[in-house]
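Please read these points with the model open beside you.

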Amino acid sequence: MSLPPGPGAPPAIQTARWLFRPIDFLDTCRRRHGDQFSVEFLGFQTPMVIISDPESIRALYTGRENGLPPGRSFALEPVMGPRSVLLLEGEDHLSRRKAMLPPFHGERMRAYETVIGEVAAAEIERWPRGEAFAIHPRMQALTLEVILRAVFGVTDLRRRESLRGLLGRLLDKFASPLLQVKLLAARRFGRSGPLDQLRREAATVDELIYAEIADRRADPALAERDDILSLLVATRFADGEPLGDAELRDQLVTLLLAGHETTATALAWTFDLLLRNPEPQGRLRDELAEGGDEYLRATISEALRLRPVVPLAGRRLGSPLRIGEYELPPGTDVTPAFWLTHTRPDLYPQPLEFRPERFLAEPPETYAWVPFGGGVRRCLGAAFAEFEMRIVLREVLSRRRLVGARSAPERIARRNITFSPRQGTPVMVMPAPAS
Ligand code: HEM
């Protein structure tokens with residue numbers, strides 16, 4: 001089998017470096033081996049080929065015969081459920097994706113502007129002045145609330161309160177590094193204990209989700225509602241069949257898990273980068289004061305370039321794939337490492353600098369900017385995430401003056417499947433001037 005060479009260290013060492021020093025690991029591999037290299041991680045039976053140039057990513061993501069790597073279902077299925085759009089393949093996947101796309105269309109997002117603005121304003125009011133606090137957990141609370149209201153559409157305050165508590169606990173458990181280690185070990189040794197634990201956690205919220213679905217089905221004003229659950233209740237598959245209760249449950253939990261932590265982390269990174277770069281921050285504040293949003297959009301693109309929240313999104317090859325001088329055989333697991341693509345000097349001069357201007361002139365070619373993946377599995381919630389980020393950034397920057405509370409730059413740490421700010425991005429709200 002001809003795979004590109006890689007670090008060659010024992011899998012335990014490679015896994016530890018990937019878990020604890022991911023950027024250093026990727027950068028060292030790139031320096032030693034170039035655009036593509038093979039890594040070996042514990043719990044994976046075969047090496048995985050990492051790629052980073054846009055043409056190879058395009059070939060991987062547009063090859064319809066390429067499937068998901070088997071590891072994806074292992075940890076996600078017990079929580080997301082067997083019908084999750086993130087886990088299904090082939091026709092089953094495409095039919096769900098088609099049914100779920102309309103509510104996520106860019107134009108539809110305007111319906112959520114008020115809700116997101118209200119949630120952000122209420123969150124900002126709770127922030128202390130003149131006292132350091134980590135902004136990442138605040139963004140997690142905010143994006144969870146947005147999902148409860150805009151996606152689940154929960155209006156009953158008591159149910160919203162119960163769901164907030166239970167979902168918060170489920171999300172914390174799901175992101176725990178200890179659980180990740182237990183899952184890797186379970187996969188390696190064929191144990192089901194940690195998976196049963198995940199299933200039990202997920203079951204605690206199902207009752208409330210099913211109650212919400214039943215209320216929605218019975219709601220005579222369903223057609224006037226614009227939350228995503230209501231739109232999905234009204235949706236039909238191509239054969240005219242509606243989505244059943246268990247299907248709706250799985251897709252709702254999928255949207256929660258795929259959309260909550262990712263958007264919160266992307267926001268935390270954007271604040272971290274803005275607070276360390278006064279010039280872009282000043283330019284953004286000026287633009288917001290004038291009511292524009294061009295530089296705001298560029299700022300978000302640049303933050304997602306430099307800090308891609310989801311580091312990898314791989315496929316298992318269904319047919320041979322040529323990558324550089326290598327002909328990878330079917331069955332090989334291949335994944336782009338988005339951080340490597342986004343920091344290529346041939347695509348982005350001075351790649352480590354935060355310069356939103358680079359996105360003003362013209363958009364990058366499709367597979368050179370891939371924070372949301374690509375092809376038929378490109379993020380369903382990309383327009384929603386970017387819209388939410390624009391509103392939250394606008395609300396925060398126009399209501400408060402934030403400063404970074406640490407001088408050392410944030411390191412990238414892995415949290416569950418994301419690249420997360422290690423310290424949670426400590427910030428401080430400047431005290432209000434005496435009146
Ligand atoms: C900045 C925030 C986000 C980032 C960086 C992100 C990133 C990604 C990536 C890289 C994928 C592709 C996975 C693959 O190729 O296999 C993906 C898929 C997906 N994302 Fe997101 N996401 C974000 C926000 C959201 C939001 C807000 C939602 C929904 C509310 C969402 C729902 C989904 C779904 C359902 C999929 C599966 C699509 C499919 O398999 O057809 N994401 N996301």
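1. Start with Arg72: an N or O atom in the side chain of Arg72 is 2.6 Å from an oxygen atom of the ligand. Keep in mind that this is a predicted model.

2. In the side chain of Arg97, an N or O atom is 2.7 Å from an oxygen atom of the ligand. For Arg315, the distance between a polar side-chain atom and an oxygen atom of the ligand is 2.8 Å.

3. Which elements give two or more residues to the shell around the ligand? They are α5 (90–100), α12 (245–276) and α16 (382–399). The largest share, six residues, comes from α12.

4. Now take the shell as a whole. The ligand is surrounded by 26 residues, and the closest are Arg72, His93, Arg97, Arg315 and Cys379. Sorted by class, the shell has 15 nonpolar residues, six polar ones and five charged ones.

5. Cys379, one of the closest residues to the ligand, has 31% relative accessibility. Buried means under 20% and exposed means over 50%, so Cys379 counts as partly exposed.

6. Is Cys29 buried or exposed? Its relative accessibility is 3%, which is why Cys29 counts as buried.

7. How many disulfides does the structure hold? The number is zero.

Notes:
Residues are numbered from 1 along each chain as its sequence is written. This is a predicted model: local features need pLDDT of at least 70, side-chain atom pairs count only at pLDDT 80 or more; totals for chains, interfaces and linings use all residues. Side-chain values use heavy atoms; hydrogens and water are left out. A residue is near a molecule or strand if one of its heavy atoms lies within 4 Å of it. A polar contact is a pair of N or O atoms within 3.5 Å; within protein, one must be able to donate a hydrogen and the other to accept it, and residues adjacent in sequence count only if both atoms are side-chain atoms. Helices (H or I, at least four residues) and strands (E, at least two) are DSSP runs, numbered from the N terminus. Ala, Val, Leu, Ile, Met, Phe, Trp, Tyr, Cys and Pro count as nonpolar, Asp, Glu, Lys and Arg as charged, and the others, Gly among them, as polar. A disulfide is a pair of cysteine sulfur atoms within 2.5 Å. Buried means under 20% relative accessible area, exposed over 50%, partly exposed in between (1.4 Å probe, protein chains only).
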